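This briefing accompanies the sequence and structure displayed below. Please read the points with both in view.

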Amino acid sequence: MIFYFSGTGNTKWAAETLAKQTGESLLNITDKTGEVDYSFTNEKRVIFCFPIHGWQPPRILRDFIKNLPEADLKDKSIYALCTCGDSVGNAINILRKDLKSKGWHLNGAFSLIMPESYVCLPFMYTDKPERERQKIQDATEDLKDIALKIKNNIKGIELLHKGATPWIYTNVIGEYFNKRMITDRPFNVDSQLCIGCGKCQSVCPTYNISLKNGMPQWQQSMCTCCLACYHHCPTHAINYGKRTKKRGQYYFGKSNNK
């Protein structure tokens, strides 16, 4: 069983690719349709796939794990695959603690470098097209190796891009980011550019956007700042504050870099 969360599509692609290569079933943790069997009776493995948000696992994943029903997974292999623009810090340590609180043990963890999508800070931009293509090409090859290791049930393995100062990234910068900067308040829409297509609402993974006269309204409740609404807007009418007006857009399969 693969549980995944994705905003701009990087993790969705990785999870779908991994599912094809391992034969695992696939579940989007934000999908509210249908009933899901969480007994894990017929599962050999449980794999969590998620993007890194501020060098930590996204809160939506952590809450999902917390709310999973108790189950005896001692005879199951548990793996994690996270996607990031450049580094993951010590995010897996947080995930490991969350799993341990349920009595579960993380057997292996991997990271994939994918095209950058977070553009709300002064030093963060989308990748240039050449760099974007190279990252996806490299990730495609890396996924083959990751899938093989998971299928062979190799345990105690960590292949992670932690960065130069992982503790500072996760415990200082990341802690501030996830406590103070995960908010939808800065989102705004240019009424002159908005065409009322509703794309922003349809791609929001947390159902945090409603439409009023065809224009998006953020609910200030479930936003994870994944920027799916910003990146998918066909006219660049949505921005996060003022800074993103001059930034590029990206989602897996299409980019509009500036």
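**Structural briefing**

A search of the whole structure finds zero disulfides, a disulfide being a pair of cysteine sulfur atoms within 2.5 Å. This is a predicted model, in which local features need pLDDT of at least 70 and side-chain atom pairs count only at pLDDT 80 or more, while totals for chains, interfaces and linings use all residues. Residues are numbered from 1 along each chain as its sequence is written, and side-chain values use heavy atoms, with hydrogens and water left out.

**Overall architecture**

- The secondary structure comprises seven helices and 12 strands; helices (H or I, at least four residues) and strands (E, at least two) are DSSP runs, numbered from the N terminus.
- The radius of gyration is 18 Å, close to the 18 Å that the globule rule gives for 258 residues, so the protein is as compact as a globular protein of that length. The radius is taken over C-alpha atoms, and the rule is 2.2 Å times the number of residues to the power 0.38.
- Along its principal axes, the C-alpha trace spans about 55 × 40 × 35 Å.
- Of the 258 residues, 52% count as buried, where buried means under 20% relative accessible area, exposed over 50%, and partly exposed in between (1.4 Å probe, protein chains only).
- The protein exposes about 13,100 Å², of which carbon and sulfur atoms supply 49%. Accessible areas come from the Shrake-Rupley method with a 1.4 Å probe; for residues, only the protein chains shown count as cover.
- Among contacts between residues at least 6 apart in sequence, 73% join residues at least 24 apart; contact means heavy atoms within 4.5 Å.

**Cysteines**

- The sulfur of cysteine 82 lies 6.1 Å from the closest cysteine sulfur, that of cysteine 84, which is too far for a bond. Cysteine 82 is buried, with a relative accessible area of 0%.
- For cysteine 204, the closest cysteine sulfur belongs to cysteine 226 at 6.3 Å, again too far for a bond. Cysteine 204 is buried at 11% relative accessible area.

- Helix 1 (residues 10-22) has 13 residues, which at 1.5 Å a residue should span 18 Å; its end C-alpha atoms are 18 Å apart, in agreement. The expected span is 1.5 Å times one less than the number of residues.
- Buried residues in helix 1 include Trp13, Leu18 and Thr22.
- Glycine 23 follows helix 1 and has a positive phi, near 80°.
- Isoleucine 146 is found in helix 4 (residues 129-151) and counts as buried at 4% relative accessibility.
- Leaving aside neighbours within four places in sequence, isoleucine 146 is in contact with Leu18, Leu81, Phe110 and Leu112.
- Isoleucine 146 and glutamine 21 are 125 residues apart in sequence and 9.6 Å apart in space, C-alpha to C-alpha.

**Salt bridges**

- The count comes to nine salt bridges, each defined as a side-chain nitrogen of Lys or Arg within 4 Å of a carboxyl oxygen of Asp or Glu.
- Arginine 45 and glutamate 24 form a salt bridge at 2.8 Å, N to O. This pair links distant parts of the chain, with arginine 45 in strand 3 (residues 45-51) and glutamate 24 in the loop between helix 1 and strand 2 (26-28), 21 residues apart.
- Arginine 45 is buried at a relative accessible area of 11%, and glutamate 24 is buried at 11%.
- A salt bridge at 2.9 Å, N to O, joins aspartate 127 and lysine 135; both of these residues, aspartate 127 and lysine 135, are buried.
- In the salt bridge of glutamate 175 with lysine 179, the closest N and O atoms are 3.2 Å apart. Both residues lie in helix 5 (residues 166-180), four residues apart, about one turn of the helix.
- Glutamate 175 is partly exposed at 31% relative accessibility, whereas lysine 179 is exposed at 63%.
- Arg96, Glu158 and Lys162 are linked in a network of salt bridges.

- Asparagine 153, which is not a glycine, has a positive phi of about 60°. Asparagine 153 lies in the loop between helix 4 and strand 6 (157-159) and is partly exposed at 33% relative accessibility.
- Cysteine 225 also has a positive phi, near 60°. Cysteine 225 is placed in the loop between strand 9 (215-218) and helix 7 (228-232) and is buried at 4% relative accessibility.
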